[in-house]
Amino acid sequence: MKASTAAYRPVGLALGAASGLLAGMAFKQAWKVIEGEGDAPNATDEDRSWKEILIAAALQGAIFAVVRAAVERSGALATQRVTGTWPG
């Protein structure tokens, strides 16, 4: 295992947790802007339509993917700056 990969492993775990929290906050804010409501629908919400549930799920997935990619890429760049090699 390369030194940069070993150095990135704990950083990657911490960044993964942080990106989940950040993405959750971003999704809640985005949903408030879109629907004007505090809570996004759950798949088991009986009073919500299929359309509303699927739109919320798609938006949440997109936000999580973008935040995760941005955070992981930033972590990899920081690791490269510290170790001199790309982790991976």
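Predicted model: local features only at pLDDT ≥ 70, side-chain atom pairs only at ≥ 80, totals over all residues.
Residues are numbered from 1 along each chain as its sequence is written, and side-chain values use heavy atoms, with hydrogens and water left out.

**The core**

Next select Ala 23, Phe 27, Trp 31, Ala 56, Ile 63, Val 67 and Val 71. These seven residues form the largest nonpolar core, a core being a set of buried Ala, Val, Leu, Ile, Met, Phe, Trp, Tyr and Cys residues joined through side-chain atoms within 4.5 Å. Buried means under 20% relative accessible area, exposed over 50%, and partly exposed in between (1.4 Å probe, protein chains only). Helix 1 (3-35) and helix 2 (50-83) each contribute at least two residues to this core, and the largest share, four residues, is from helix 2. Helices here are DSSP runs of H or I, at least four residues long, numbered from the N terminus.

**The aromatic pair**

Keep Phe 27 and Trp 31 selected. The structure has one aromatic pair: the ring centres of Phe 27 and Trp 31 are 6.3 Å apart with planes at 35°, so the pair is tilted. Rings of Phe, Tyr and Trp (its six-membered ring) pair if their centres lie within 6.5 Å; planes under 30 degrees apart count as stacked, over 60 as edge-to-face and the rest as tilted. Phe 27 and Trp 31 are about one helical turn apart because they lie four residues apart in helix 1. Phe 27 is buried at 7% relative accessible area, and Trp 31 is buried at 1%.

Now select helix 2. Its 34 residues reach 49 Å from first C-alpha to last, close to the 50 Å expected at 1.5 Å a residue; the expected span is 1.5 Å times one less than the number of residues.

Two salt bridges are found in the whole structure, each a side-chain nitrogen of Lys or Arg within 4 Å of a carboxyl oxygen of Asp or Glu. Select Arg 48 and Glu 52: their closest N and O atoms are 3.1 Å apart, and both residues are buried. Then select Arg 68 and Glu 72, bridged at 2.8 Å, N to O. Glu 72 is partly exposed, at 32% relative accessibility.
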